[in-house]
Amino acid sequence: KEKEALANVSISFIKDGDIIMLDSSSTSISIAKQLNLKQLKATIITNSLSIVNLVSNNPLIKTICLGGTLTNNANAFRGNITIDNLNKLHCDKAFISPTSISLDFGLSHDNEFAAQIAAKMIDNSDEAFLVVDHTKFGKSSLTKIEDFNNIKYVITNKKPNKEWISFFKTKSIILKCNT
């Protein structure tokens, strides 16, 4: 239910005709489900086989699968082919859900290629959305994605502490909580 609530807030930022990038996180799968229900016309660029399968029968959604090496445990395409394909693409909005976020280490992921894909999605978008539940705050994972410099919005399920709120203000990041 928390992921569905995060997805509903995320969907409120998507306009008819937008080109969006979704990483292979379970949160992004929830965003794709909500996008299917809203019946918005959109283009989705993703490395998630689950998302591709989910939206494949929706005539309003054009899907671009990044391809690459399929990692079965994540049901996602990763690797150099994925990165090369992503290098050629641009979007209006990217929705990223990293494993962890830290004031000191920034955004991070427990998989090296997932981190590289997330970083490239952020770089190749007009607006980058960080979609994270409260459990990801104040933690670091193996591979750094980037600092918060290119993040425009943070969507979360619970209001973070004052330190995070102050940090987001200094970075001009807009915080949206669904509580």
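In the predicted model, helices H1 (residues 2–11) and H2 (residues 26–38) approach each other so that their axes come within 8 Å and cross at roughly 60°. An angle between 35 and 65 degrees is neither roughly parallel nor roughly perpendicular, and H1 and H2 are therefore oblique to each other. The crossing of H1 past H2 is right-handed. On the H1 side, the contact is made by Lys-3, Glu-4, Ala-7, Asn-8, Ser-10 and Ile-11. H2 contributes Ser-26, Thr-27, Ser-30, Ile-31, Gln-34, Leu-35 and Lys-38.

H2 also lies across strands S1, S2 (42–46), S3, S6 and S9, and runs at about 150° to S1. These strands belong to an open sheet of seven strands, arranged in the order S3-S2-S1-S6-S9-S11-S12 with parallel pairing. At its edges stand S3 (61–65) and S12 (174–177); each has a single partner strand, so one side of each is left without a neighbour in the sheet. Direction ignored, neighbouring strands of this sheet are turned by 20° against each other on average. Within the sheet, S6 (residues 91–96) and S9 (residues 125–131) pair in the parallel sense over five bridges. Phe-95 stands opposite Phe-129 in S9.

A further open sheet consists of three strands in the order S7-S8-S10, with antiparallel pairing. Its edge strands are S7 (100–102) and S10 (143–146), each of which pairs on one side only. From one strand to the next, the twist averages 35°. Three bridges join S7 to S8 (residues 106–109) in the antiparallel sense, and Ile-101 stands opposite Leu-107 in S8. Helix H5 (residues 112–123) lies across S8 and S10 and runs at about 5° to S10.

H5 is also one of the packing partners of helix H4. In H4 (residues 80–87), the buried residues are Thr-82, Ile-83 and Leu-86. Viewed down the axis of H4, these buried residues fall within an arc of 95°, so they line one face of the helix. On the other side of H4, Asn-80 and Ile-81 are exposed.

Notes:
Residues are numbered from 1 along each chain as its sequence is written. This is a predicted model: local features need pLDDT of at least 70, side-chain atom pairs count only at pLDDT 80 or more; totals for chains, interfaces and linings use all residues. Side-chain values use heavy atoms; hydrogens and water are left out. Two strands pair if DSSP finds at least two bridges between them. Helices (H or I, at least four residues) and strands (E, at least two) are DSSP runs, numbered from the N terminus. Axes are lines fitted to C-alpha atoms, for helices over the stretch in contact, and angles run from 0 to 180 degrees between N-to-C directions. Contact means heavy atoms within 4.5 Å. Buried means under 20% relative accessible area, exposed over 50%, partly exposed in between (1.4 Å probe, protein chains only). The arc is that of the directions from the helix axis to the C-beta atoms. Angles under 35 degrees count as roughly parallel, over 145 as roughly antiparallel, 65 to 115 as roughly perpendicular and the rest as oblique. A crossing is left-handed if the near helix is turned anticlockwise from the far one by less than a right angle, and right-handed if clockwise.
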